[in-house]
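Here is a short note to read beside the model. Please keep the 3D view open and find each residue as it comes up.

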Amino acid sequence: MTDQERTEDLAQLLARLKSEYDVNESEIARRIGVAPATVNAWVHRRRGAGGRGVKRESLQALAREFPKFTEDQIFRAAGRESPGPLSPESEARVLELYRELTEEQQRLVEAQMRAVADMNRTGQ
């Protein structure tokens, strides 16, 4: 990892991305399925300063559409950690365990998962 990758925020990463791929904000927005105003807000550090309020799906779409930038780089620039992989086997195991819980336990597990996911989104 370079010093630049360690310290850059999402706006700086997007500036490098625009230069590397010779694209503008509208093209980035089109390719990842968000409004151009959304990308503009990221570039100008508005709405979710530094990228913490950026949806996981949008960060993953950036990595998918612009593969010279890894998901880890993009999430790190947004001040977040990349989500772990979820294999079909892992998903099946989680669902099997979930189905064994009572309705009240399911609500509790969902609340815990939501709290952890919110922490990931806010960078806590």
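1. Start with a charge and a ring. The charged end of K68 sits over the ring of Y21, 5.1 Å from the ring centre.

2. A word on the basis. This is a predicted model, where local features need pLDDT of at least 70 and side-chain atom pairs count only at pLDDT 80 or more, while totals for chains, interfaces and linings use all residues. Residues are numbered from 1 along each chain as its sequence is written, and side-chain values use heavy atoms, with hydrogens and water left out.

3. How many aromatic pairs are there by the ring rule? The count is two. The rule pairs rings of Phe, Tyr and Trp (its six-membered ring) if their centres lie within 6.5 Å; planes under 30 degrees apart are stacked, over 60 edge-to-face, and the rest tilted. The ring centres of Y21 and F66 are 5.0 Å apart and the planes stand at 75 degrees, so this pair is edge-to-face. Y21 belongs to helix α2 (residues 10-21), and F66 to the loop between α5 (56-65) and α6 (71-77), 45 residues apart. Helices are DSSP runs (H or I, at least four residues), as strands are (E, at least two), numbered from the N terminus.

4. Now the other pair. The ring centres of Y21 and F69 are 6.4 Å apart and the planes are at 40 degrees, so this pair is tilted. Again distant parts of the chain are linked: Y21 in α2 and F69 in the loop between α5 and α6 are 48 residues apart. Y21, F66 and F69 form one aromatic cluster.

5. Are F66 and F69 buried or exposed? Buried means under 20% relative accessible area, exposed over 50%, and partly exposed in between (1.4 Å probe, protein chains only). F66 has 0%, so F66 is buried. F69 has 4% and is buried too.

6. Next, two helices. The axes of α3 (residues 25-32) and α5 come within 9 Å and cross at roughly 105 degrees. That makes α3 roughly perpendicular to α5. Axes are lines fitted to C-alpha atoms, for helices over the stretch in contact, with angles from 0 to 180 degrees between N-to-C directions. Under 35 degrees is roughly parallel, over 145 roughly antiparallel, 65 to 115 roughly perpendicular, and the rest oblique.

7. Which residues of α3 and α5 meet? I28, R31 and I32 in α3 meet S58, A61, L62 and E65 in α5. Contact means heavy atoms within 4.5 Å.

8. Check two backbone angles. Most residues other than glycine have a negative phi. D22 has a positive phi, near 50 degrees. D22 lies in the loop between α2 and α3 and is exposed, at 70%. R45 is partly exposed, at 43%.

9. Look at α4 (36-43) itself. T38, V39, A41, W42 and V43 are buried there. The buried residues of α4 pack against α2, α3 and α5.

10. Finish with V54, in the loop between α4 and α5. V54 is buried, with a relative accessible area of 2%. Leaving out residues up to four places away in sequence, V54 touches L10, W42, L59 and R80. V54 and R80 are 26 residues apart in sequence, and 9.9 Å apart in space, C-alpha to C-alpha.

Key. Lys NZ or Arg CZ within 6 Å of the ring centre and 35° of its normal.
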